[in-house]
Amino acid sequence: MEIKENVKIGKGVISGNTSIFLGILSFLGVLCFKYPEWLTTPEFRNVYTGESMKILLTAVIIASLFLQYGVFLKVRKRKEHFMGLLFAF
């Protein structure tokens, strides 16, 4: 049985995984804008305006790109964290 090491601060693991998560969320958000009839409910569309969701989506994309840039500067060998960048673009 293999024992996992604790996540150490400063290695880029936390910000890289957060970047991947936010990138996937932004990709799903774009799909919700593209196909609102299939992916959202009428109650959701009545409560939240399109403009507020565009602002939120833009903020999530910028946060994902910012975190990914930080990981790239700190740990240049972590190829798996480019997935967050891919989803954000």
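Mentor: Helices are DSSP runs of H or I with at least four residues, and strands are E runs of at least two, numbered from the N terminus. This is a predicted model, where local features need pLDDT of at least 70, side-chain atom pairs count only at pLDDT 80 or more, and totals for chains, interfaces and linings use all residues. Residues are numbered from 1 along each chain as its sequence is written, and side-chain values use heavy atoms, with hydrogens and water left out.

Trainee: Why does Leu-57 count as buried?

Mentor: Buried means under 20% relative accessible area, exposed over 50%, partly exposed in between (1.4 Å probe, protein chains only). Leu-57 has 16% relative accessibility, so Leu-57 counts as buried. Leu-57 sits in helix H4.

Trainee: What is Leu-57 in contact with, leaving aside its neighbours within four places in sequence?

Mentor: Contact means heavy atoms within 4.5 Å. With those neighbours set aside, Leu-57 touches Ser-26, Gly-29, Val-30 and Phe-33.

Trainee: Which element gives the largest share of the lining of the largest pocket?

Mentor: H1 does, with six residues. Lining residues have an atom within 4 Å of a point of the pocket, on a 1 Å grid. The residues of that lining divide into 11 nonpolar, five polar and one charged. Here Asp, Glu, Lys and Arg count as charged, Ala, Val, Leu, Ile, Met, Phe, Trp, Tyr, Cys and Pro as nonpolar, and the others, Gly among them, as polar.

Trainee: Where in the chain is confidence lowest?

Mentor: In helix H5 (residues 82-88), at a mean pLDDT of 70. pLDDT is the predictor's confidence in each residue, from 0 to 100. Confidence is highest in helix H2 (residues 36-39), at 86. The chain averages 78.
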